[in-house]
Amino acid sequence: MKLYFPALDSLRFFASLNIVLLHFASSHLLSYIKIERPFFTADVFFLLSGFIYSIMFCNKEPPKLGPFIKERFLRLYPLHIICTSTIFAIVLYRTSLLDNTAYAIKTLALHVSLLWAFVPGQGHHLNQPSWTLSVFFLCYAATPAFLGFLSKRSKKTLWILLAISILSLMYFKGVPNAFRGVYFFSGMLLGRLFFTGTIPLPKRPLLNDLLILLTVILICVNKFYQPVLYSALLLFLANNKGFFVKILSMPWLRAVGKASFYTYLLHGVAIEFLHLYLDKVAMWQYNPFNNVPATIIIMVVLYGSCTAYGVIARRFRGRG
């Protein structure tokens, strides 16, 4: 069985682009964009990561907790510190929200320690997308133990656990961000069942294409069954059949997708810098960014720089 699924790299790109554009629009930078809700939420990142890690270690011993956490920490936390510190400096300069010294120190400490996601009302939000890091690191801490647990469970038990996790996600809508790591463990259950071949998937490429198209349409028009639809889309793309999978497997698109989580963490900094320009230079008398050409340029620069960083970082780590 093929253990790597190139189309899933590109799925990360489309998930992050949807969220990034939504945040730019809601920040009044791109008021011409009318997005009421993201078609893909950050939950896709959790589901994908859980699936990949489950597949990665299906034929291996679970990773040692210390080295596993350290590798993930060194890859993601430095960027979090850079983004948080930059936004903190801009907020101090632009606004009076942090004039209270004690409040400012508490706000910075909560974000640096990754605790803000659990007590969002206790401080001003700085780099808001960084809440996902708090949840991810909790998931990473439980990954070795959960992998060991899954390896000892029967297929029937795995199906029951998956049904419970998906039903709970559908029933408890609007749960606090701190609990959205359930998607990560749902992804691990999906990965285990996929690896054992117990999930029936289309054998014909055309049928797989039609199911991918249908799932994407349903994601765009339906907000109630996202856990089921995200899981279905992930499985059809992992099936590695059809035209859509070939398109999403293009090397340049995969490279952008691999770096998309960096863009997701970094786009808050870009928003703050553009707000700084509108505050101090344009004085909000005009907005040169609120048009299609400017949006394209911003997205190309943002995703292009993150993709270049991702390629360099992987080469430095000796990975393709």
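Welcome! Tyr 183 lies in helix 7, residues 182-195. Helices in this report are DSSP runs (H or I, at least four residues) numbered from the N terminus. At 6% relative accessibility, Tyr 183 counts as buried; that word stands for under 20% relative accessible area, with exposed for over 50% and partly exposed in between, using a 1.4 Å probe and protein chains only. Tyr 183 and Phe 118 are 65 residues apart in sequence, and their C-alpha atoms are 17 Å apart in space.

A word on the model: it is predicted, and local features need pLDDT of at least 70, side-chain atom pairs count only at pLDDT 80 or more, and totals for chains, interfaces and linings use all residues. Residues are numbered from 1 along each chain as its sequence is written, and side-chain values use heavy atoms, leaving out hydrogens and water.

## Helix 2 against helix 7

Two packed helices are described by the angle between their axes and the distance between the axes. The axes are lines fitted to C-alpha atoms over the stretch in contact, and angles run from 0 to 180 degrees between N-to-C directions. Helix 2 and helix 7 pack at about 40 degrees, with axes 6 Å apart. The two are therefore oblique to each other; angles under 35 degrees count as roughly parallel, over 145 as roughly antiparallel, 65 to 115 as roughly perpendicular and the rest as oblique. Their crossing is right-handed, a label used if the near helix is turned clockwise from the far one by less than a right angle, while anticlockwise gives left-handed.

Who meets whom here? From helix 2 come Asp 43, Phe 46, Leu 47, Ser 49, Gly 50, Phe 51, Tyr 53, Ser 54 and Ile 55. On the helix 7 side are Tyr 183, Phe 184, Ser 186, Gly 187, Met 188, Leu 190, Gly 191, Arg 192, Phe 194 and Phe 195. By class, this contact of helix 2 with helix 7 has 11 nonpolar, six polar and two charged residues. Nonpolar covers Ala, Val, Leu, Ile, Met, Phe, Trp, Tyr, Cys and Pro; charged covers Asp, Glu, Lys and Arg; the others, Gly among them, are polar.

## Helix 1 against helix 2

Helix 2 (residues 43-56) also packs with helix 1 (residues 6-26), at an angle of about 165 degrees and with axes 10 Å apart. That makes helix 1 roughly antiparallel to helix 2. The crossing of this pair is left-handed.

The contact uses Leu 8, Leu 11, Arg 12, Ala 15, Ser 16 and Ile 19 of helix 1, together with Val 44, Phe 45, Leu 48, Phe 51 and Ile 52 of helix 2. These residues divide into nine nonpolar, one polar and one charged.

## Phe 51 and the core

Which residues touch the most other members of the largest nonpolar core? Among its 97 residues, they are Phe 24, Phe 51 and Leu 237. Such a core is a set of buried Ala, Val, Leu, Ile, Met, Phe, Trp, Tyr and Cys residues joined through side-chain atoms within 4.5 Å. Leaving aside neighbours within four places in sequence, the contacts of Phe 51 include Phe 5, Leu 8, Gly 187, Met 188 and Leu 234.

## Helix 12 and its partners

Helix 5 (residues 131-151) and helix 12 pack at about 135 degrees, with axes 10 Å apart. That makes helix 5 oblique to helix 12. Trp 131, Thr 132, Leu 133 and Phe 136 of helix 5 make the contact with Phe 261, Tyr 264 and Leu 265 of helix 12. The residues divide into six nonpolar, one polar and no charged.

Glu 272 is found in helix 12 and is buried, with a relative accessible area of 13%. Beyond its neighbours within four places in sequence, Glu 272 is in contact with Ile 87, Ile 90, Val 91 and Arg 94. Cys 83, in helix 3 (residues 65-94), counts as buried at 1% relative accessibility.

Most residues other than glycine have a negative phi. Met 283 has a positive phi, near 55 degrees, and lies in the loop between helix 12 (260-280) and helix 13 (292-317). Trp 284 is placed in the loop between helix 12 and helix 13, with a positive phi near 60 degrees. Trp 284 is partly exposed, at a relative accessible area of 41%.

Key: Contact = heavy atoms within 4.5 Å.
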